[in-house]
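Colleague: Please take a close look at one part of this model, the aromatic pairing and what surrounds it. One connected account will do.

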Amino acid sequence: MHGRLLLLTLLTVVSATSTAQAASLRCDNDIVETGDLQDDVLALCGEPDQREHTPRQIDPDGYPTEGSVTIDLWTYGPDNGMVRRLRFIDGRLVNIDSSRH
């Protein structure tokens, strides 16, 4: 019985995670979405209008600090008043934010 309860809980968590809204963005005739690789987004959407790069933290011995990641923020636009901001962690798209200006 305990195993079934654990399985039911696990399935509920997985279901809730998979039904979370995945952000997407149309670039010409293609669509990019969270989970896509940075190189794929660049190939589909072209060079962003602005880039910000935050490298991994490096310890005094020259090694990446445990748990540190690279973060890239790309901005496209404004195009017809719309600004799109894409956030990448370690080269994978994790967030797409669009706003009107």
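Modeller: Rings of Phe, Tyr and Trp (for Trp, its six-membered ring) pair if their centres lie within 6.5 Å; planes under 30 degrees apart count as stacked, over 60 as edge-to-face and the rest as tilted. By this rule the count comes to one aromatic pair. The partners are W74 and F88, tilted, at 4.6 Å centre to centre with 55° between the planes. W74 lies in strand β4 and F88 in strand β5, so the pair ties together parts that are 14 residues apart in sequence. Both W74 and F88 are buried (under 20% relative accessible area; exposed is over 50%, partly exposed in between; 1.4 Å probe, protein chains only).

A word on the basis. This is a predicted model: local features need pLDDT of at least 70, side-chain atom pairs count only at pLDDT 80 or more, and totals for chains, interfaces and linings use all residues. Residues are numbered from 1 along each chain as its sequence is written, and side-chain values use heavy atoms, with hydrogens and water left out.

Now the sheet. Helices (H or I, at least four residues) and strands (E, at least two) are DSSP runs, numbered from the N terminus. Two strands pair if DSSP finds at least two bridges between them. Four strands form an open sheet in the order β3-β4-β5-β6, with antiparallel pairing. β3 (50-54) and β6 (92-100) stand at the edges with a single partner strand each, so one side of each is left without a neighbour in the sheet. From one strand to the next, the twist averages 15° (axes are lines fitted to C-alpha atoms, for helices over the stretch in contact; angles run from 0 to 180 degrees between N-to-C directions). Helix α2 (residues 38-45) packs on the sheet and touches β3, β4, β5 (82-89) and β6. Its direction makes about 15° with that of β4. Contact means heavy atoms within 4.5 Å.

V41 lies in helix α2. It is buried, with a relative accessible area of 0%. Leaving out residues up to four places away in sequence, V41 touches V32, D36, G46, W74, Y76, L86, F88 and L93. W74, beyond its neighbours within four places, is in contact with residues including Q38, V41, L42 and F88.

A nonpolar core is a set of buried Ala, Val, Leu, Ile, Met, Phe, Trp, Tyr and Cys residues joined through side-chain atoms within 4.5 Å. The largest has 11 residues, among them V41, W74 and F88. β1 (24-27), α2, β4, β5 and β6 each give two or more residues to this core.
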